[in-house]
Amino acid sequence: MTAAEPILEVRDLSLSVRTDAGVAHILDHVDFSLMKGEVLGIVGESGCGKSTLIRTVLGLPPRNARIGSGEILFRGENLLALPARQVAARIRGRAIGFIPQDPFLSFNPTFTIGKQMLEILRWSGLPDEPEGTKWDRQTRDRHRTRLVEVLRAVQIPDPEEALTRYPHEFSGGQRQRILIAGALAARPDVVLADEPTTALDVTTQMQILKLLEELARQFDVAMLFVTHDFGVVAQICDRVSVMYAGQTVETGTALEIIDAPKHPYTEMLMACHPERSDALVGIPGQVSSPIDPPSGCRFAPRCPFVESRCTASRPPLAGPAGGRRIACAVRGAPA
Ligand SMILES: Nc1ncnc2c1ncn2[C@@H]1O[C@H](COP(=O)(O)OP(=O)(O)OP(=O)(O)O)[C@@H](O)[C@H]1O
Ligand SMILES: [Mg+2]
């Protein structure tokens, strides 16, 4: 079910980075809305700009980045117009939580889980704590209680005792559960998850996805879920936004897009899924470099339906905001 009110909107976002090899145009007019209470998948091949997008929403764009256009609206407030200090103090890790990709690299091996999680909560605080709350025994106890609560929610056995253990005493799947608990601890409205299951084996991946889906409902958080896997989309996402080489090419409900992809890239990406094909198939060619990218539609050099107008100008994302939209000069607006 999709609620109608957006909580996070990325509008027309373009970002480039100065590198030794030239200017890399990483995000090109990216556009999507995350509605309250929904899980929105951001799907695309490696290198299409998913992590850059997530980091920019968190207020951590690459060094030397330049925002060429656009807004990131969180509850209607443009985060790009806020001083970095405010994003760090009010938004990142607090109103917007983050689940990283790799549970093996995301902990310091020399401190207990409890020490690391308490330290993070000390920075972010809890939403019902007034700014400048003293870090005293009472606050610490309150934070510890909250950590036990979220560790229980992610099904870590004996959460009290878990806080006294070190990262290496947990399996990869358990560590990913702990990272999820960490992202939820400060009661965020939105959680950004950057491929949170790719480092795990398939069975553990399924369990974590199921858990994330349940938690999103239970804690009433909206989730932006980055993945390159349509199998994952089918399992967890309400809606999907497909990216190619830094451009948003198609958005719609997960059902619509899986049933009837409209953009040639989405169609071909889905055909690559092992469940859809006996032979190992891929999309011929490779994602173009963000330095000197093709003009117009960036998929044009790999697209079997390409016409001259595709490279003349970037096709706009046609269709109603928050509804089914497609950016393709040949296929046109969705019916
Ligand atoms: N700091 C940077 N400087 C220069 N180029 C960068 C920088 N960060 C990312 N890029 C380039 O931007 C493009 C997008 O990278 P990004 O990591 O966002 O992709 P991704 O979709 O998350 O890929 P993956 O699925 O492999 O995680 C890539 O071509 C990458 O090389
Ligand atoms: Mg990435």
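Which element gives the most residues to the shell around ligand 1? In this predicted model, that element is α1, which gives 3 residues to the shell.

## Surroundings of ligand 1

Ligand 1 is surrounded by 15 residues, and the closest of these are Ser-46, Lys-50, Ser-51, Thr-52 and Pro-62. The elements that supply two or more residues to this shell are the strands β1 (6-19) and β2 (22-35), together with the helix α1 (50-57). Divided by class, the shell around ligand 1 holds 6 nonpolar, 8 polar and 1 charged residues.

## The two sheets

Strands within a sheet are paired through backbone hydrogen bonds, in either a parallel or an antiparallel sense. One sheet of the model is open and consists of 4 strands in the order β2-β1-β4-β5, with antiparallel pairing. Its edge strands, each of which pairs on one side only, are β2 and β5 (77-78). Within this sheet, β1 and β2 run antiparallel and are joined by 10 bridges, and Arg-18 has Val-23 in β2 as its bridge partner. The helix α1 lies across β1, β2 and β4 (65-74), and runs at about 70° to β2.

| Helix pair | Axes come within | Crossing angle |
|---|---|---|
| α4 (residues 137-153) and α6 (residues 172-185) | 9 Å | roughly 130° |
| α6 and α7 (residues 202-218) | 10 Å | roughly 20° |
| α3 (residues 113-124) and α6 | 10 Å | roughly 25° |

The axes of α4 and α6 cross at roughly 130°, and this angle makes α4 oblique to α6. The crossing of these two helices is right-handed. On the α4 side the contact involves Arg-146, Leu-147, Val-150, Leu-151 and Ala-153, which meet Ile-178, Ala-181, Leu-184 and Ala-185 in α6. By class, this contact of α4 with α6 has 8 nonpolar residues, no polar residues and 1 charged residue.

For α6 and α7, the crossing angle of roughly 20° makes α6 roughly parallel to α7, and α6 passes α7 in a right-handed crossing. The residues of α6 that take part are Gly-172, Gly-173, Gln-176, Arg-177, Ile-180 and Leu-184, and they meet Thr-204, Gln-207, Ile-208, Leu-211, Leu-212 and Leu-215 in α7. The contact of α6 with α7 divides into 6 nonpolar, 5 polar and 1 charged residues.

For α3 and α6, whose axes cross at roughly 25°, the two helices are therefore roughly parallel to each other, and their crossing is right-handed. Ile-113, Met-117, Ile-120 and Leu-121 of α3 make this contact with Ile-178, Gly-182 and Ala-185 of α6. The contact of α3 with α6 divides into 6 nonpolar residues, 1 polar residue and no charged residues.

How values were computed
Residues numbered from 1 in each chain as written. Chains lettered and ligands numbered in written order. Predicted model: local features only at pLDDT ≥ 70, side-chain atom pairs only at ≥ 80, totals over all residues. Near = placed C-beta within 6 Å. Nonpolar A, V, L, I, M, F, W, Y, C, P; charged D, E, K, R; others polar. Pairing = 2+ DSSP bridges. Contact = placed C-beta atoms within 7 Å. Axes fitted to C-alpha atoms, helices over the stretch in contact; angles between N-to-C directions. Parallel < 35°, antiparallel > 145°, perpendicular 65-115°, else oblique. Left-handed = near helix turned anticlockwise from the far one by under 90°.
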